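Subject: Structure handover, salt bridges

Hello,

Here is the structure for your files.

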Amino acid sequence: MSVNFIKCNSMLITGSSRGLGLQMVKHLVSICERPKKIIASARNPSSAQELQQIARSHPEVYIVPLDVVDDASIDAAVKQVSSIVGPEGLNCLINNAGIMTTSDLNTETRDRMMNTFQTNTVSPLFVTKAFLPLLRAAASVCDGGVMSVNRAAVINMSSLLGSVQLNCGEAANFKVYAYRVSKAGLNMLTRCLAMDLQADGILCTMLHPGWVQTDMGGKQAPLTPEESISSLLAVISALSEKDHGQFLDYEGKNLPW
C-alpha cells in the first residue's frame, strides 16, 4: 500500500516530540504526497530538538505547543492551529499522545490508573471536542463527499492490549492494568464519537500500530518505528466510510474488541 495524502490539506499529530508521533512527521516529510500542512504538537517544543530540526528544513511543518491534559493549553493550541489552517479547517486529527507504565495486580496504584486514564482516554475526547469546529469546517468544504482523511477525520491511536477478547492465553502475560483499561476505554470513546459525528461526515477510527521498538514498546518489540509507521500511514490514507467506527491494525485488518 502506498501513502498518499496529496489531497489532504492539513493534519495535526499530537505527541510528536518522540516515538511514533515523531516517526509520523519524519515519514510524511520524506514523501512527495504529503499533506500541505503538517502540524506537530508537543508538550515542550523547545526540548524536541529533532522535531525542531525537521521544521527548520520543511516549511510545511508547524510546531504547536500542546499539553493534552491541560485545558488552557488545548484552547491555545486550537487558536494557533486555526490561524494555520484558516477557513478550510482541519482535515485530520491524530490523537497519538499517550503514556504506559508496567504494573500488575499487586503493584497497581490509584494514582497511576487515574493518570493513565486521564492521558489516554479522557484527553483524546477533550482534544477532539476542542478541534471539532475546525474539523466540521473542513467537512463542510466538501459537503456531500465521502468519508476520508481528505475531508475530515479523527484517528485515535489505540492498542491491541485494549482488546477485551484478546486478553487471554499468552497475550495476558503483559501486565499493564492501567494501559489496557485506558485503551479499552479509548476504543469505546472512538465508537461513541463515530456515532455522534457521522452526520457531520467526520470519519472516526481507532488504530493499533503494532508492537514497536520505542521507549514505550521496548527494544524486544518485533517492529521498527519505520516499519510500523510506513504501513500505518498507508492505512490512514486509504480509510473510507467502511472503516468508520472500526478497530484496525497497522495492516488495515479488523481487530476484535
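This is a predicted model: local features need pLDDT of at least 70, side-chain atom pairs count only at pLDDT 80 or more; totals for chains, interfaces and linings use all residues.

Residues are numbered from 1 along each chain as its sequence is written, and side-chain values use heavy atoms, with hydrogens and water left out.

A salt bridge here is a side-chain nitrogen of Lys or Arg within 4 Å of a carboxyl oxygen of Asp or Glu. Under that rule there are six salt bridges, including the one between Asp200 and Arg136, whose closest N and O atoms are 3.1 Å apart. Asp200 sits in the loop between helix H5 (177-197) and strand E6 (203-208) and Arg136 in helix H4 (residues 110-141), so this pair ties together parts that are 64 residues apart in sequence. Helices (H or I, at least four residues) and strands (E, at least two) are DSSP runs, numbered from the N terminus.

For exposure, buried means under 20% relative accessible area, exposed over 50%, and partly exposed in between (1.4 Å probe, protein chains only). Asp200 is partly exposed at 27%, and Arg136 is partly exposed at 38%.

Another salt bridge joins Lys242 and Asp243, at 3.2 Å from N to O. Lys242 is exposed at 63%, whereas Asp243 is buried at 7%.

Glu251 and Lys253 also pair, with 3.2 Å between the closest N and O atoms. Glu251 is partly exposed at 39%, and Lys253 is partly exposed at 48%.

Regards
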